[in-house]
Number of protein chains: 2
Amino acid sequence: MNIKDFSKKLKLSITTVSRALGGYSDVSEKTRKRIILQAKKYNYSPNPNASRLASGKSNTVGFVVSLYGLNTNTLNQAGFFEFISGMNKKLQSEDVQFFMMFANDSEEEKNAYNKLINVHKVDKIILHNLKINDERIKLLKKNNIKFVAWGRTKNLQNYSWVDLDNEGSINLIMDYLFNKNHKNIAYINIVENYNFAFQRQQAYLKSLKKNNIKFNKNNYITVKTEEPDQAALLIKKMLTKNKKITALICSTEYSAVGAIKACNSLNKKIGKDISIITFDSPVVSTLTNPLITAVSHPRDKLGLNAIEMLIEMDNKNYKHKSYLAKPKIIERGTVHKVKK
Amino acid sequence: MNIKDFSKKLKLSITTVSRALGGYSDVSEKTRKRIILQAKKYNYSPNPNASRLASGKSNTVGFVVSLYGLNTNTLNQAGFFEFISGMNKKLQSEDVQFFMMFANDSEEEKNAYNKLINVHKVDKIILHNLKINDERIKLLKKNNIKFVAWGRTKNLQNYSWVDLDNEGSINLIMDYLFNKNHKNIAYINIVENYNFAFQRQQAYLKSLKKNNIKFNKNNYITVKTEEPDQAALLIKKMLTKNKKITALICSTEYSAVGAIKACNSLNKKIGKDISIITFDSPVVSTLTNPLITAVSHPRDKLGLNAIEMLIEMDNKNYKHKSYLAKPKIIERGTVHKVKK
DNA sequence: ATATTTTACCAAAACGTTTTGGATGTCAAA
DNA sequence: TTTGACATCCAAAACGTTTTGGTAAAATAT
């Protein structure tokens, strides 16, 4: 069933059917309703390839998933599926398509963006896992592709983005710990060059300053995010060296797993002798023992807002926007109160 | 740059260019090479919407991701990304597209398949998370859509599938345990209605019989897969009731996490007093403490073979195939030898 | 030397839409 | 009664390919 047969059935022109379904005002509401009803009945829906060819618009959002680097199977994808789930709500209601590509290495990743633009002709792209400086932004701007970044570069050029409120989250954590009289708060950073990690680390330093606590380099280490065992080793070393530490802030979930191991091996009771707090994830919220107190974020809202922005961008007078997901602390008993 | 301008540049007809890139034999190898070379130079690639419209073939593989039910953020997606990674290799080289849809509930899931077929006009579909009886198979057969199942129904109708060798894996585990003199082997099943779980459980019973061990209902429980804590509770109960148990086979990774908790709370030393073995995953291989001995499978091969089959299906005389991933045991020290 | 087959190319139709630029009829204002 | 504005519809062109059904030249067979 194509538009020709369908319009013949309704004794209307092809044009009228097309414009009725397209939502144009030069079709009376009465006929429009009839057309929509009959389309359902005859199971007619416009051939998307013909539509896209004729209109020159693909109405498709592209996305490249990197299947390398971070431990792709857990951490990375955890947030990923929450994001997708949020996106999905808008996609469905707005009839926008979503096209994913996969890259097994960085060479493939570069190609993927070019393919997305030149071969698959997507209109719009969602960028994720942003680096501190991200060259993909140049590529997209050069090709005049609309995009929303999931995450931010260090220097915000003029583009739209959605992100966790990393600084706000760290502040929330720090205040939470200060309220429980923690003074010697250690920070576990990651070596990888992601901007979210940089933001968190910077916020930690800033918060120390604001609260008149001098930065102590024995309270600070940097670990590989995908290797909890390496983290465990370094954290153990740190805790042995600096016995005054009462709380550990872990920049990522995997290092929190390492922190648990380190504490266990030193026979430090988590939530009694020492506190652990991190960013929420399915890992620390369901799999670790004990479950870990964490700042949680509505990551699905990120996805939803990203798609919303991409759609709004079709308006001529769109101004770049941003969205920060609001953090909140989920207590799971791994943070204790220090006696004054 | 479209085919018209491009062919004009090369002083060739549109037809010749199209057929050269399509790999037809009515173009000399010399001109074909020239065309391919120049296409790269001028960054020409056929508009996919026009191609698909003209040819009537979408050359697209569809996939529906269910964002509900199982704990989507970890378990489910773990295998998922390995699978995708394998698929990707074939997709890239064969120039097949991959189109994903997402479903936040079972209603959306049903709609998704219909949309995939009627709206997005995909040629082929990969089915996953198969139920013991799966009604989606009927839908696809009725609509004459080519598909490969990732997993199997209980009664194999005539279709192509790829799957873990669940029976082989359980046999491998059982023999491995028997060799270490285990006799009282408990089995942790899951309540969910997935066929992989059914196959594993059946294989366990079969293996007992083959080795002349009577099934003991005190060695067998059924838990919810997404709730390690519930699993821990039930396993603890079982171990308290039946003190003779020396080994636990966990049907899924999450129940293995529960098993660890149960053993810890009973002060049973894992790998000394009691053994735990399960199916491999990023969870039990990197996150648990201790890491758990498990049967591992090359899940990326599943994806690769699935795409291979889908492509082969274009041949008129294709006969339905299947592929079983070969299991192997990864020792991580949680299985001990029992004294005779 | 002639007839036949093969090779290498091409013009035009077809795919199913959207969009442009009217056409017709109705209604209110002059 | 006439004029202009508006509402509602439509025919035809355009989008960029693939495919069909050819033709001419070259190679091969007779």
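Tutor: A polar contact is a pair of N or O atoms within 3.5 Å; within protein, one must be able to donate a hydrogen and the other to accept it, and residues adjacent in sequence count only if both atoms are side-chain atoms. This is a predicted model, in which local features need pLDDT of at least 70, side-chain atom pairs count only at pLDDT 80 or more, and totals for chains, interfaces and linings use all residues. Residues are numbered from 1 along each chain as its sequence is written, chains are lettered from A and ligands numbered from 1 in the order in which they are written, and side-chain values use heavy atoms, with hydrogens and water left out.

Student: What makes the pairing of the side chains of Ser66(B) and Glu109(B) a polar contact?

Tutor: The side chains of Ser66(B) and Glu109(B) are joined at 3.2 Å, and the limit is 3.5 Å, so the pair qualifies.

Student: Why is Ser66(B) called buried?

Tutor: Buried means under 20% relative accessible area, exposed over 50%, and partly exposed in between (1.4 Å probe, protein chains only). Ser66(B) has 9%, so it counts as buried. Ser66(B) and Phe102(B) are 36 residues apart in sequence, with 6.0 Å between their C-alpha atoms.

Student: How do you know that Thr153(A) is buried?

Tutor: Its relative accessible area is 3%, so Thr153(A) falls in the buried class. Thr153(A) belongs to the loop between strand 4 (146–150) and strand 5 (160–164) of chain A. Its side chain makes a polar contact of 2.7 Å with that of Tyr159(A). Beyond four places in sequence, Thr153(A) has contacts (heavy atoms within 4.5 Å) with residues including Leu130(A), Ile132(A), Asp134(A) and Asn195(A).

Student: Why is Asp163(B) called buried?

Tutor: The value for Asp163(B) is 7%, so the residue is classed as buried. Asp163(B) is part of strand 5 (residues 160–164) of chain B. Its side chain has a polar contact of 2.9 Å with the side chain of Arg152(B). Among the other residues that Asp163(B) touches are Gln199(B), Leu302(B) and Tyr323(B).

Student: What makes a set of residues a nonpolar core?

Tutor: The members must be buried Ala, Val, Leu, Ile, Met, Phe, Trp, Tyr or Cys residues joined through side-chain atoms within 4.5 Å. The largest such core here has 56 residues, and Ile126(A) and Ile126(B) touch the most other members. Apart from it lies another core, of 52 residues, including Ala197(A), Val223(A), Ile235(A) and Leu287(A). Leaving aside neighbours within four places in sequence, the contacts of Ile126(B) include Val61(B), Phe63(B), Trp150(B) and Leu310(B). In soluble globular proteins, nonpolar side chains tend to be buried together.

Student: Which residues come nearest to DNA strand C?

Tutor: A residue is near a strand if one of its heavy atoms lies within 4 Å of it. Of the 23 residues around DNA strand C, Ile3(A), Ser18(A), Ser13(B), Thr15(B) and Thr31(B) come nearest. The side chain of Ser18(A) has an N or O atom 2.2 Å from a phosphate oxygen of DNA strand C, and for Thr31(B) the distance to a phosphate oxygen is 2.7 Å. Helix 2 (14–21) and helix 4 (48–55) of chain A and helix 2 (14–21) and helix 4 (48–55) of chain B are the elements that give two or more residues to this surface.

Student: What makes the approach of Ala54(A) to DNA strand D a polar contact?

Tutor: A polar backbone atom of Ala54(A) is 3.5 Å from a base oxygen of DNA strand D, and the limit is "within 3.5 Å", so the pair counts. The side chain of Asp26(A) places an N or O atom 3.4 Å from a base nitrogen of DNA strand D. Of the atoms of DNA strand D within 4 Å of the protein, 63% belong to sugar or phosphate and the rest to bases.

Technical notes:
Helix = DSSP H or I, 4+ residues; strand = E, 2+ residues; numbered from the N terminus.
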